Amino acid sequence: MSNSYSGQLVSYACDDKKSVGRHHDETHPTYRNEYQRDRDRIIHSAAFRRLEYKTQVFVNHEGDLFRTRLTHSLEVAQIARSIARELRLHEDLSEAIALAHDLGHTPFGHAGQTALNNCMKDCGGFEHNLQSLRVIDKLEQKYADFDGLNLTFETREGILKHCSTTNAKKLGDVGQRFLDKTQPSLEAQLTDYSDETAYNNHDIDDGIRYGLITIDDLLKIELFRDQYDIVNKKYPGLDDKKLLHEIIRRMINVMVVDLIDTSRENIASANLNSIDDVRCQNKRIMAFSSEMNDKKLELKQFLRNNLYQHYRVHRMSKKAAVVIDSLFTAFMEDQKILPTEAIDHCHILKDKHGDKGIARGISDYIAGMTDRYAIVEYERIFNPRQLSFVNLIP
Ligand code: MG
């Protein structure tokens, strides 16, 4: 008996019993449904464990209190599951997508991705979203019968949030919707918005802890100020730590409620009856209200100008770019300094794709590094003080 809850789902949800399927056929799990199996494979993957030491905005070693990609992914899963359950969509599928959505991220957050993309500009570029798919489809090597995790189409579709036409043509099944201009499942759509809701709010929290922005700065932002006024009226004189948490938890709630209410109206007016009805829409069914979109835009602009472009973040990004760029250049010049597993991977890709295959193999190796591993690897290769037998220890 698989643990399906098909009967509790709306007719336009993804039904685990009607999954498009996996690339390699497998027997059905015994006490789990297909999307639970996907989620469990993601949790047991090496790439998932590495999320603990990868950053969003701040470098991992700067403090234990900041979000990492792992805690971010768990927050996204929490928000996504709440929304899916309320709308009677498939909670397990949303959770699987949420937990996997950042698996392809490089070390050092967005700075790392920009640097690696730049290194790969003549060899197909680097894009974290495509890399997440590459991790689950190819790079995880632990199953006897297949490369990757052999996840269902629906989970893979949710992970690939955006894609250029050129890349879409190479991707087959999950790329097709970018060519047809159709929509992904509602579970995929809601997880995308859960991601945005999670990072907008936790970046405020981390930014304040880090001393880059202040509560006073944020009072210019309507979304923040509305909740500040409510909390301040109810709990006058609250200390800053509790005040901030009370505001942020309300901001997340207001955004989630808005998303559910607006999407529910869209579902009713679109008269959905099946997952095919969802896919053939010319725009997404899941949506925030236009008022919420305006407020979110104001918040995002604030975060961009005051947090992501803060000189201290820029300095960190600059260092991250130096590490990534130096490692990539050194490995391209001399593949003999790559660890055995990485060089074997490069040789396999070279046989298939020539020299560009080597670059892709190096990009896979670097993208898989955690922040601290990348720093240690940089030290091993470029710091002359490390010219000792210690270097022989992997
Ligand atoms: Mg994310």
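# A helical protein with a magnesium site

Trainee: What percentage of the 394 residues of the protein counts as buried?

Mentor: This is a predicted model, in which local features need pLDDT of at least 70 and side-chain atom pairs count only at pLDDT 80 or more, while totals for chains, interfaces and linings use all residues. Residues are numbered from 1 along each chain as its sequence is written, and side-chain values use heavy atoms, with hydrogens and water left out. Buried means under 20% relative accessible area, exposed means over 50%, and partly exposed lies in between, with a 1.4 Å probe and protein chains only. On that scale, the buried part of the 394 residues is 53%.

Trainee: What is the radius of gyration, and how does it agree with a compact globule?

Mentor: The radius is taken over C-alpha atoms, and the globule rule is 2.2 Å times the number of residues to the power 0.38. The C-alpha atoms fill a box of roughly 60 × 55 × 35 Å along the principal axes. For 394 residues the rule gives a value near 21 Å, which agrees with the radius of gyration of the protein, 22 Å.

Trainee: Now the chain itself. Of the contacts with a separation of 6 or more, what percentage joins residues 24 or more positions apart?

Mentor: A contact means heavy atoms within 4.5 Å. Among contacts with a separation of 6 or more, the part that comes from residues 24 or more positions apart is 71%.

Trainee: On to the metal. Which residues coordinate the magnesium ion?

Mentor: Donors are N, O and S atoms within 2.8 Å of the metal (3.2 Å for Na, K and Ca), and water is not among the atoms, so sites may look incomplete. Along the sequence, the donor residues follow the spacing H-x28-H-D-x92-D. At 2.1 to 2.7 Å, the coordinating residues are His72 (NE2), His101 (NE2), Asp102 (OD) and Asp195 (OD).

Trainee: Which parts of the chain does the pair His72 and His101 tie together?

Mentor: His72 is buried, with 1% relative accessible area, and His101 is buried too, at 2%. The two residues sit in parts that are 29 residues apart in sequence, so the pair ties together helix H3 (residues 69-86) and the loop between helix H4 (91-100) and helix H5 (109-119).

Trainee: How many of the ten residues of H4 are buried?

Mentor: The buried residues of H4 include Glu91, Asp92 and Glu95 as well as Leu93 and Ile97. They pack against helix H1 (34-43), helix H2 (46-50), H3, H6, helix H7 (153-159) and helix H10 (186-209). H4 is mostly covered, and its buried count is ten of ten.

Trainee: And H5: which helices do its buried residues pack against?

Mentor: The buried residues of H5 are Gly109, Ala111, Gly112, Gln113, Ala115, Leu116 and Cys119. Their packing partners are H3, helix H6 (128-139), helix H16 (311-333) and helix H18 (355-367).

Trainee: Let me look at Tyr35. Which residues is it in contact with, beyond its neighbours within four places in sequence?

Mentor: Tyr35 lies in helix H1 and is buried at 0% relative accessibility. Its C-alpha atom is 8.4 Å from that of Leu151, 116 residues away along the chain. Its contacts are Cys14, Asp15, Asp16, Ser19, His90, Asp92, Leu93, Ala96, Thr152, Glu154 and Thr155.

Trainee: Where does Tyr378 lie, and which residues does it contact outside four places in sequence?

Mentor: Tyr378 is in helix H19 (residues 371-382) and is partly exposed, at 24% relative accessible area. The C-alpha atoms of Tyr378 and Ile324, 54 residues apart along the chain, are 8.5 Å from each other. Leaving aside neighbours within four places, the contacts of Tyr378 are Val322, Val323, Ser326, Leu327 and Asn383.
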